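Please look through the structure shown here.

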Amino acid sequence: MIETVKHLIGSGGSSGFGSRSTAEHVTVNCDLRSLTAIITGATSGIGAETARVLAKRGARLVIPARSLKTAEETKSRILSEFPDAEIIVLHLDLSSLASVRRFVADFESLHLPLNILINNAGKYAHKHAISEDGVEMTFATNYLGHFLLTKLLLKKMIETAAQTGVQGRIVNVSSVIHSWFSGDMLQYLADISRNNRNYDATRAYALSKLANVLHTLELSRILHKMDANVTANCVHPGIVRTRLTRDREGLITDLVFFLTSKLLKSVPQAAATTCYVATSPRLRNVCGKYFSDCNEARTSKLGSSSVKAQRLWTASELLVSPASCTPHLYQTFKYSLTNDAICKSEALL
């Protein structure tokens, strides 16, 4: 109840910012002119505002997108406001592991540094679908594609941080909806990746957002073990009416948004936490945390489980392995749940 009241009145937390802070507000003293940032999902909504504000602060932007036309339009809008901004558009379909690998190869061919990676893109698939790799589409897009993207870009980020002395930042955009998932994550994913009998769109979305949280938790442990000058944190941007929610357009949806309008954020407010975590000097060496309204917050019980995080990491490594075969997807999930697999996860890092 107290947290809800603080949210409604926009009360600032220990960071000095709160639910009514905007992305421009939280970055007002940031000079990002020497930094390069990759932002997925930057062609609309929260991602577009995140890209606009980082460009305003001087960052070089790399915008991956399925539609190059849409990405070029986003680039043009930003350049119309900030003509000196440097923006690079590359193709990426996060639901395709092959596309993720091509994007990373394309990015590496540019020989650019990489300081900030914001895994922002999100999908709410109310109709059941399977990716080309045999994984349920929401999970494939929101989590697995980002897992592989981060894995393949991590070396570049570590090298950039070592060469420049500027700490790298990885930001995973999750959601408070991660707390809605309960049960066996991998069993449910295996079920909905084989058929649509048990598919529930909201539960699948909650699963993918929980996976984002657990990815952050395990990645932070690995970064600490590697003594890398790179941090990983995740954020809940808040509830805002973007294209993601407009996929659920209808009378009931409109009524819910009307009744909860006081809890909704504007897009600039929703982008604030992402921008704060990606840029704030106050968060140097802060890693493995979950933020809401620009302040550290608590995850669900499942979201704080290091055992669940390691199990998910093990399964993810197996799923993105080039040797992975789609027909053996269910066996992959079963294997990842064994104690033996958890022990072997260290060898997969």
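I170 has A232, in strand β6, as its bridge partner. This is a predicted model, in which local features need pLDDT of at least 70 and side-chain atom pairs count only at pLDDT 80 or more, while totals for chains, interfaces and linings use all residues. Residues are numbered from 1 along each chain as its sequence is written, and side-chain values use heavy atoms, with hydrogens and water left out.

**Strands around β6**

- Helices (H or I, at least four residues) and strands (E, at least two) are DSSP runs, numbered from the N terminus.
- Two strands pair if DSSP finds at least two bridges between them.
- Strand β5 (residues 168-173) and β6 run parallel and are joined by six bridges.
- Strand β7 (residues 290-292) also runs parallel to β6, with three bridges between them.
- H236 has its bridge partner in β7, namely S292.

**Burial of β6**

- Buried means under 20% relative accessible area, exposed over 50%, and partly exposed in between (1.4 Å probe, protein chains only).
- Seven of the seven residues of strand β6 (residues 230-236) are buried, so the strand is largely enclosed by the rest of the structure.
- V230, A232, C234 and H236 point one way from β6, T231, N233 and V235 point the other way, and all are buried.

**Aromatic rings**

- Rings of Phe, Tyr and Trp (its six-membered ring) pair if their centres lie within 6.5 Å; planes under 30 degrees apart count as stacked, over 60 as edge-to-face and the rest as tilted.
- The structure holds six aromatic pairs.
- One of them is F139 with Y143, a tilted pair because the ring centres are 5.0 Å apart and the planes are at 55°.
- Y143 and F147 are also tilted, with ring centres 5.9 Å apart and planes at 40°.
- F139 and Y143 are four residues apart in helix α6 (residues 137-164), so about one helical turn separates them.
- F139 and Y143 are both buried, and F147 is buried too.
- One aromatic cluster is formed by F139, Y143, F147 and W313.

**A charge over a ring**

- R203 lies over the face of Y188, 4.2 Å from the ring centre; the rule asks for NZ of Lys or CZ of Arg within 6 Å of the ring centre and within 35 degrees of the ring normal.

**Cysteines**

- A disulfide is a pair of cysteine sulfur atoms within 2.5 Å, and the count by this rule is zero.
- C275 is in no disulfide, and the nearest cysteine sulfur, that of C294, is 8.8 Å away.
- C275 is buried, with a relative accessible area of 0%, and C294 is buried at 1%.
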